[in-house]
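Keep the structure open as you read.

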Amino acid sequence: MGGYELVRSDDSAAAGPPDLELGGSVSAKSPSPPLPRPTSQVARQRLVSLDVFRGITVLLMIIVDDAGAFLPALNHSPWDGVTIADFVMPFFLFIVGLSLTLAYKRVPDKLEATKKAVLRALKLFCLGLVLQGGFFHGVHSLTFGVDLTKIRLMGILQRIAIAYLLAAICEIWLKGDDDVDCGLDLLRRYRYQLVVALLLSTVYTVILHGVYVPDWEYQISGPGSTEKSFFVKCGGRGDTGPACNAVGILDRTILGIDHLYRRPVYARTKECSINFPQNGPLPPDAPSWCQAPFDPEGLLSSVMAIVTCLIGLQFGHIIIHFEKHKGRIINWLIPSFSMLALAFSMDFIGIRMNKPLYTISYTLAASGAAGLLFAGIYTLVDVYGFRKPTIPMEWMGKHALMIYVLVACNILPMFIHGFYWREPKNNLLKFVGIGA
């Protein structure tokens with residue numbers, strides 16, 4: 001997110017021979033490069049298709065936030081299965097990973113680059129705490145502030161910050177020096193990064209299916225500020241349902257149930273909503289877990305979010321090491337189709353695609369879809385020069401973090417609501433006829 005502003009490394013050289021990002025040719029047999037141009041003319045060009053991809057993802061995020069409540073196909077899946085909305089988060093993570101390879105092509109000082117990556121991740125994490133921790137009380141509320149005993153600790157920006165930091169460290173420190181002439185050479189050169197992804201996936205799988213989940217209980221505030229307690233019976237391992245999964249028990253144990261997201265997506269399941277697949281009143285026989293907090297950006301599920309970012313790294317390496325458009329596209333399509341085929345095979349045998357748990361099949365499906373979409377955008381924009389129709393998306397991609405903060409986090413609507421005539425309901429939006 002946020003264009004190169006989020007992942008740009010000041011350690012990267014700004015000038016030099018023709019940049020591989022542009023699909024140009026760099027060879028030992030090439031004629032000597034021309035004399036250096038003035039510094040103001042050697043600014044490093046951007047990979048336009050990456051900005052367009054980011055912009056499309058931002059637009060999809062906005063559409064999902066605004067239209068998801070009315071169109072189930074544009075809302076997140078209540079639990080198992082995926083919809084269009086469920087691809088937004090992994091697309092951002094994939095883009096972050098891809099961008100990192102361009103930011104850290106040349107790293108003269110690894111320690112300094114690591115310090116800067118840690119600082120950027122901390123800034124992003126803290127921004128996420130402010131925007132999604134409960135500090136702002138909604139579009140129609142002119143109050144703010146959060147009880148630190150109940151602040152939401154994880155969120156979208158926090159997850160991206162964690163994945164960014166781990167992927168950046170891998171890109172800075174875990175690169176081989178093997179020559180790259182084909183796709184298999186890429187696997188050898190970046191084998192340590194692939195080992196990290198494999199280890200993370202293994203740890204996630206072992207915890208998800210091996211951790212014992214005991215019975216648990218929680219309290220919610222009822223009418224008149226009274227506490228109402230609920231008991232959830234579990235007592236088993238390997239459950240991937242909403243009530244007794246290892247993802248939830250780890251978050252409740254480590255983060256604390258008061259620091260989790262209070263509007264869980266499973267509240268729209270058939271067991272918990274009369275208006276399934278939309279939010280609605282609880283059925284008379286609703287299970288006890290329906291109102292329990294659950295964080296879709298929790299700790300264990302963020303492990304696979306890191307893997308998504310690492311997959312994006314590998315797609316970025318193709319840009320760095322392959323000069324021709326055809327070679328890049330082929331090396332993107334093969335792993336993308338392979339991941340999609342493996343994801344659907346896993347889903348077929350019972351390892352369901354599930355965004356709240358961020359299952360391995362979901363990781364592969366989202367990464368494969370991201371790879372295909374990026375390859376298509378790259379072909380249209382950077383190969384065939386299909387630029388003018390994509391200029392709005394390119395602009396959104398360059399300012400993704402700003403748009404996310406102002407629009408997706410409702411900072412701009414809250415700011416507008418803050419200007420009113422005598423009473424808060426007489427705000428600027430009502431004046432122009434948009435709403436109360």
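Lys398 is partly exposed, with a relative accessible area of 29%. The classes are set by cut-offs: buried is under 20% relative accessible area, exposed is over 50%, and partly exposed is in between, with a 1.4 Å probe and protein chains only. The partner of Lys398 is Glu394, and the two form a salt bridge whose closest N and O atoms are 3.4 Å apart. A salt bridge here is a side-chain nitrogen of Lys or Arg within 4 Å of a carboxyl oxygen of Asp or Glu. Glu394 counts as buried, at 9% relative accessibility. Both residues sit in helix α12 (residues 391-398), four residues apart, so about one helical turn separates them. An α-helix has 3.6 residues a turn, so residues three or four places apart point the same way.

This is a predicted model: local features need pLDDT of at least 70, side-chain atom pairs count only at pLDDT 80 or more, and totals for chains, interfaces and linings use all residues. Residues are numbered from 1 along each chain as its sequence is written, and side-chain values use heavy atoms, with hydrogens and water left out.

Now the overall picture. The protein has 15 helices and four strands. Helices (H or I, at least four residues) and strands (E, at least two) are DSSP runs, numbered from the N terminus. Of its 436 residues, 47% count as buried. The accessible surface comes to about 21500 Å², and carbon and sulfur atoms own 66% of that. These areas come from the Shrake-Rupley method with a 1.4 Å probe; for residues, only the protein chains shown count as cover. Take contacts between residues at least 6 apart in sequence: 72% of them join residues at least 24 apart. Contact means heavy atoms within 4.5 Å.

Back to the charges. The structure holds 11 salt bridges. Side chains of opposite charge can pair when their charged atoms come close. Glu171 and Lys175 meet in one of these bridges, at 3.8 Å from N to O. Glu171 is buried at 1% relative accessibility, whereas Lys175 is partly exposed at 27%. Asp178 and Arg191 make another, with the closest N and O atoms 3.3 Å apart. This pair links distant parts of the chain, 13 residues apart: Asp178 is in the loop between α5 (156-173) and α6 (183-189), and Arg191 is in helix α7 (residues 191-210). Asp178 is partly exposed at 24% relative accessibility. Arg191 is partly exposed too, at 34%.

At 9% relative accessibility, Arg152 counts as buried. Its side chain makes a polar contact of 2.7 Å with the side chain of Glu297. A polar contact is a pair of N or O atoms within 3.5 Å; within protein, one must be able to donate a hydrogen and the other to accept it, and residues adjacent in sequence count only if both atoms are side-chain atoms. A polar atom of the Arg152 side chain also lies 2.8 Å from the backbone oxygen of Met154. Beyond four places in sequence, the contacts of Arg152 include Leu129, His259, Tyr261 and Pro296.

Next, the helices. Helix α9 (residues 299-321) has 23 residues, and 21 of them are buried. Val58 belongs to helix α2 (residues 48-67). Val58 is buried, with a relative accessible area of 0%. Leaving out residues up to four places away, Val58 touches Phe92, Met396, Ala400 and Ile403. Val58 and Phe92 are 34 residues apart in sequence, yet their C-alpha atoms are 8.7 Å apart.

Last, the backbone. Most residues other than glycine have a negative phi, and most peptide bonds are trans. Phe276 and Pro277 are joined by a cis peptide bond, with omega about 5°. Pro277 is in the loop between α8 (246-254) and α9. Tyr358 has a positive phi near 55°. Tyr358 is found in the loop between α10 (325-348) and α11 (360-383), and is buried at 1% relative accessible area.
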